[in-house]
Amino acid sequence: MINKIIYNFLVPNFILSLFLVFFFGSPILINDYRLLTIELPLKYQLNNNAIYFNPSIENFSVINVGIRKINTNDSHVTFLLTDEVANKTLTLSKVNVQGIYRLSTYPFGINPDFESYSKRYKLQFLSSKNKPLQFEINQDYPITGLYKFDRSILLDPNKALKFLFQKFQQYIEIAYQSNQIFFYIFPLLIYNFLSLPIIAIKKLRQFILDFLNSESIITSVTLIVLLCIYFFGLINTNPSDVQIVVFSTLWALTVYFHRRTPKASFTLALFFVMHIPFFKLVHLDYASNNFAVWTYVFLAFGLLHVLLDEAHARYGLVINPKFYPSVKGSLLFQKKTISKNLTNHNIISISITVIVIISIGFSFLIIFQKLRKYYDRNLKSPRITVVEPMLVYHSTKVVLYGKSFGEKKDERFRIMRNGKEIRTDYWDDSKIIFTIPLDWKPGEYSIWIERPIEWNTETIIEKTKPQTIKVLPITGKITPDDDLYFKQMDSLRKETKEINGF
Amino acid sequence: MKRYLKVLVFAIISFVPICPYFIDITTYKHLGAFGDLAQIISPFEELALRTSVYNHIAFGGMHEPFNLANLSPFFILQIIGTSLHLSTLQTWLLGIYLSYFAGLLSTFAFLNSYFNKSQYTNIVVSIIYIFSPYYLGFFHPGHFPILLLFFLTPYCIYLIKKVFEVNMSSDILKLFFTSLLMSASLANVSYLLIFMVVLNIYIFFLYSKSTFKRSLYIQTVLNAVILGANLWWILPTLIYFLKNAAEQFSYSKTHLGAVINIAAKDLSMTNILFNNFESSNFLPDNRHLTIISGLIEYSYMVLFTLGLVPFVFKKTSKLHYSVLFILLIIIFLLKSINPPFADLFKYMYEHIPLMQIIRRPQSKIYWLYLFSLTILVSYFLRYYPKKIYGYLLTIIAIFYLSIYIYSGKQLRPFNVPTDYQQAKKYIEESPNSQVLILPSINLQLIQYDKSLNGIGGVDFLKNYIRRPQYSDDLYLDLILNKNTKNKVLRTMSAIYSEKDDKKLCSQLSELGITHILVRKNMNSNIKYKSQYLNNHLFISQIDGRHLQLFKVAEQCNLHNSNLNDKTKINLPYLKVVQTNGAIINNRVHLYQNFDTNWKLYLYFSSKSLYENIKNNLLFSNTVLLHSRYFGFANEWMIRVPTNENSTVYFIFLYFPQLYFYIGIILTIIMIVILLRVKKQ
């Protein structure tokens with residue numbers, strides 16, 4: 001069961017996020033690109049001046065503007081700043097600016113939550129002469145000096161957690177700004193790994209809500225799910241885990257869509273446990289056991305719901321995922337919300353952290369084990385590296401070089417030609433010799449080696465990849481194939497030549 | 001006044017578990033069981049054995065540091081009882097009475113600290129927890145001292161809460177002595193781990209009550225106090241465990257750990273929720289079995305439903321949810337291989353280290369389920385303090401008390417027959433005696449017939465006849481020295497089948513067997529086959545109703561031939577043998593299982609003490625090599641000056657015994673520190 005969940009859900013999810021990051025950047029980065037497609041009228045000419053932002057401004061949040069080149073005809077650029085920055089004066093040097101305009105809305109469909117802490121600004125260029133070629137961020141910007149290490153924080157978990165989070169943030173910032181993709185890709189991977197299913201559920205919910213667009217339909221769906229659980233409990237003598245997972249997922253979705261409180265699950269647990277005495281009276285043991293199981297599942301659901309609600313109330317992160325227009329933006333948001341809510345530290349915060357860490361560690365472990373098994377098996381399975389010669393006449397001796405052929409102990413070690421066994425002259429772990437029999441008709445044949453291997457306490461017959469050899473007809477005339485035969489003689493190993501009497 | 005009334009009520013109710021034994025107080029002397037409960041026959045005689053980390057008697061000697069833990073409290077109580085001229089049965093009953101009394105008080109103290117609205121309901125809920133029919137199962141299959149863990153944990157939790165709130169050093173001292181009392185129940189590694197985990201989880205819950213720094217400090221102190229109180233037996237045990245960790249783990253995986261499929265067969269979800277398993281073990285009469293087990297089940301259904309009600313109808317607190325959280329985790333572990341999510345459990349069981357300690361989940365963690373349920377019921381009573389619920393719970397409590405009386409004698413009183421006394425006297429009088437116990441029972445648990453009231457499990461003979469002995473009961477399968485096991489089994493089969501006297505003789509002499517004791521009072525299909533022992537090699541000495549004792553002929557007795565002089569001291573862990581005159585042979589044998597922990601020191605009376613110490617400890621040039629003898633025993637090669645004509649003492653010392661003494665010293669130091677801190 002656990003394997004099924006891991007292999008069918010977690011691992012593909014992880015691999016998907018891996019691909020996404022490598023090919024498209026992260027979801028965060030995708031949004032970045034979207035943000036950067038700023039519409040600009042092409043009017044002015046450029047010169048080589050650049051804009052410098054004043055490094056003394058703290059929490060300076062513009063990242064992507066600096067990377068982008070400005071077209072020669074741009075009249076203005078827009079960028080994002082946090083409120084904190086905007087309240088201070090933004091000094092621009094070596095450029096004449098017409099003015100900075102605050103724009104309150106976003107034309108790009110960014111999550112409105114972002115608005116709450118930052119604004120989009122428009123920078124109008126005065127004339128073509130003074131327009132910069134490029135925005136530059138001062139690389140000396142003292143990020144590392146932002147957070148000072150204080151030993152006392154280690155004794156306070158609130159502070160320690162905060163500190164760790166800040167370090168993580170800092171790490172991504174530095175890596176991102178220095179364009180070292182290798183260093184920030186893994187934190188991003190983790191972020192994506194966690195956020196993808198949540199995003200998917202959110203989208204699904206939206207989709208279903210749009211599709212149904214009616215609360216009453218959802219109510220009836222809830223009822224149907226419950227009736228299914230009830231009747232399966234009555235009928236099914238041997239319930240499987242899959243059933244439980246399916247029905248409990250349905251129940252979870254109905255709870256989520258219908259915005260039920262945890263009490264709904266607790267009520268159901270009570271409802272189910274009340275049935276058990278009656279089943280006991282009529283000796284329906286399997287039904288009473290089914291209902292006990294569902295009591296347990298509903299209790300667990302209710303409790304999980306309580307935990308998630310608590311987490312939501314504290315952090316607002318777990319059940320309401322958000323798209324953020326930039327790495328820094330998202331981090332700033334997280335920093336704000338977490339540091340605001342992280343004042344009270346308790347068992348729930350610890351358990352959520354532990355669950356997240358364990359799930360990540362677990363998926364890494366599974367992948368590692370899979371890889372290890374794969375390499376282990378690869379090590380044992382036979383592999384042909386060289387077949388010599390590839391073009392053969394009848395009674396030519398063909399030598400197969402490779403590894404892990406094993407010793408020919410029994411009939412299960414064999415060479416196959418199009419599914420039939422070939423008689424061998426010699427067999428050792430790295431070399432097999434056989435003679436082309438006279439009854440083979442000229443033409444192409446694929447040959448492969450089969451051998452049993454002990455793997456995972458089972459014996460499996462492992463095959464190599466098929467190799468093609470071509471049997472040439474003896475015609476009396478010299479055909480192009482015969483030419484090729486003699487050509488290949490030059491490249492043959494000395495051993496092969498000796499075996500064939502050259 | 002009211003306070004004493006509660007105590008009086010508890011004092012009266014605690015008589016319930018020992019009620020069925022009142023009629024036996026004068027007729028029987030000892031108390032046994034069927035299971036792991038090692039019977040105490042004569043405490044003063046067993047003192048040396050009980051205070052030793054090494055059991056030199058069973059199966060050629062084995063390291064048994066867990067045995068030490070049984071000293072407290074029951075063995076010490078037995079010592080006190082014997083000094084007061086009470087029989088062991090009477091002392092045991094006193095012990096059971098005191099355990100239940102302490103359990104009721106501890107649960108009441110815990111409940112009162114959290115739910116102090118109605119004392120009456122607290123009393124009733126305490127009775128429901130302490131007199132749960134589940135605990136009757138611990139009377140039957142041994143494990144009896146473990147009950148103290150279940151009974152005293154609420155008190156420990158109560159003390160920890162007090163330490164967090166008030167920080168009284170007297171509470172820390174109380175916690176120290178409580179955990180000292182519980183050492184017998186913590187002797188099993190799994191219980192110790194579970195106990196520590198439970199307490200530490202509870203401490204984590206209390207972190208919000210204080211600053212982090214202070215909480216961490218208190219947690220460290222509390223853990224140190226609990227472990228310190230048990231250090232005297234944990235120290236030798238831990239060293240032994242660490243030395244043999246690999247063996248222990250592999251053994252656990254292949255033997256006990258592998259039986260979870262059988263052990264957890266009955267633990268379906270309904271049976272867990274409503275305590276419906278093992279009732280057939282403690283209910284005596286099959287006629288009423290279904291009715292009473294059904295009633296137990298329904299009573300738990302009521303308790304469980306009551307526990308759930310506040311979650312649905314009331315706004316509950318975080319602590320309430322935490323209890324539910326723990327309850328659900330415990331149920332998941334309890335149901336183990338049963339649906340739902342059996343595969344998940346199996347995966348965890350096989351891959352997570354130390355998960356195998358719950359190889360018999362019902363005996364390891366079911367009490368936690370009952371305890372959480374008790375708390376949930378108390379929550380219910382807090383939200384719904386109506387009298388009707390009080391009455392309902394009172395009925396359940398009375399029902400549980402009545403089950404205790406109805407189920408009768410789970411522990412079995414017995415007297416040692418006179419044959420046994422004769423045999424004991426005979427064996428103890430003959431020098432260098434070692435006993436082989438027949439008939440062969442094929443690695444099963446032994447069980448005696450009615451002459452010993454059907455006791456069994458751990459054989460009382462091991463402590464009774466205080467001479468090395470071999471038998472092939474279940475515990476032979478548990479010893480790590482496989483050579484000994486094979487040798488014993490081979491010798492037993494040789495007695496039944498071998499016709500060649502010379503071969504039989506060599507088999508017997510390799511183990512050093514001088515006597516063969518045949519039990520006639522086994523309660524099984526294994527019958528006494530005397531015809532096999534009609535051999536001239538075996539000379540019958542005692543032929544009683546319950547046993548027959550044979551002496552092995554002198555020609556087969558090659559044992560200890562080179563050291564047959566006076567044994568000056570003979571303790572389980574220390575043997576001092578005195579030899580006079582020159583030593584011809586340069587090899588010395590010790591007929592105990594080969595163990596590198598056995599050390600040999602030579603003491604020459606002609607030399608000074610300093611020279612002897614220097615000789616043994618600094619430049620050990622007399623004792624050369626320690627190796628296996630006959631594949632299982634100890635052999636030392638020694639070099640003694642040929643002109644040495646003085647008296648030589650051979651000192652065999654089992655070294656880990658010293659850890660026990662170090663542990664005792666550390667525990668005493670801890671007591672002194674705690675007392676001083678209290679004074680200040």
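Trainee: How many helices and strands does chain B have?

Mentor: Chain B has 27 helices and 19 strands. Keep in mind that the model is predicted.

Trainee: And what share of its residues is buried?

Mentor: Of the 680 residues in chain B, 58% are buried.

Trainee: What about contacts along the chain? How many join residues at least 24 apart?

Mentor: Take the contacts in chain B between residues at least 6 apart in sequence. Of these, 77% join residues at least 24 apart.

Trainee: Now the core. Which residues of the largest nonpolar core touch the most other members?

Mentor: B:Phe131, B:Tyr135, B:Phe150 and B:Tyr369 do. That core holds 194 residues.

Trainee: Which helix gives the largest share of this core?

Mentor: Helix H20 of chain B, residues 361-383. H20 supplies 14 residues.

Trainee: You mentioned H20. At what angle do H6 and H20 of chain B cross?

Mentor: Roughly 160°, and their axes come within 10 Å. H6 covers residues 119-130. An angle over 145 degrees counts as roughly antiparallel, so H6(B) and H20(B) are roughly antiparallel to each other.

Trainee: Left-handed or right-handed crossing?

Mentor: The crossing of H6(B) and H20(B) is right-handed.

Trainee: Which residues meet there?

Mentor: From H6(B), B:Thr121, B:Val125 and B:Tyr129. From H20(B), B:Trp367, B:Leu370, B:Phe371, B:Thr374, B:Val377, B:Ser378 and B:Leu381. By class, the contact of H6(B) with H20(B) has seven nonpolar, three polar and no charged residues.

Trainee: Next pair. How do H10 and H11 of chain B pack?

Mentor: At an angle of about 160°, with axes 11 Å apart. H10 is residues 189-205 and H11 is residues 212-229. H10(B) and H11(B) are therefore roughly antiparallel. H10(B) passes H11(B) in a right-handed crossing.

Trainee: Which residues make the contact?

Mentor: H10(B) brings B:Phe195, B:Met196, B:Leu199, B:Asn200, B:Ile203 and B:Phe204. H11(B) brings B:Gln219, B:Leu222, B:Asn223, B:Ile226 and B:Leu227. The contact of H10(B) with H11(B) has eight nonpolar, three polar and no charged residues.

Trainee: Switching to loops. Where is B:Lys314?

Mentor: In the loop between helix H17 (286-313) and helix H18 (318-335) of chain B. B:Lys314 has 29% relative accessibility, so it counts as partly exposed.

Trainee: What does B:Lys314 touch, beyond residues up to four places away in sequence?

Mentor: A:Lys263, B:Tyr383 and B:Tyr384. Also, the C-alpha atoms of B:Lys314 and B:Phe380 are separated by 9.7 Å, though the two are 66 residues apart along the chain.

Trainee: Last one, B:His56. Buried or exposed?

Mentor: B:His56 counts as buried, because its relative accessibility is 10% and the cut-off for buried is under 20%. B:His56 is in the loop between strand S3 (54-55) and strand S4 (62-63) of chain B.

Trainee: Which residues does B:His56 touch, not counting those up to four places away in sequence?

Mentor: B:Leu49, B:Gly61, B:Pro468, B:Pro572, B:Lys575 and B:Gln592.

Key:
Residues are numbered from 1 along each chain as its sequence is written. Chains are lettered from A and ligands numbered from 1 in the order in which they are written. This is a predicted model: local features need pLDDT of at least 70, side-chain atom pairs count only at pLDDT 80 or more; totals for chains, interfaces and linings use all residues. Side-chain values use heavy atoms; hydrogens and water are left out. Axes are lines fitted to C-alpha atoms, for helices over the stretch in contact, and angles run from 0 to 180 degrees between N-to-C directions. Helices (H or I, at least four residues) and strands (E, at least two) are DSSP runs, numbered from the N terminus. Angles under 35 degrees count as roughly parallel, over 145 as roughly antiparallel, 65 to 115 as roughly perpendicular and the rest as oblique. A crossing is left-handed if the near helix is turned anticlockwise from the far one by less than a right angle, and right-handed if clockwise. Contact means heavy atoms within 4.5 Å. Ala, Val, Leu, Ile, Met, Phe, Trp, Tyr, Cys and Pro count as nonpolar, Asp, Glu, Lys and Arg as charged, and the others, Gly among them, as polar. Buried means under 20% relative accessible area, exposed over 50%, partly exposed in between (1.4 Å probe, protein chains only). A nonpolar core is a set of buried Ala, Val, Leu, Ile, Met, Phe, Trp, Tyr and Cys residues joined through side-chain atoms within 4.5 Å.
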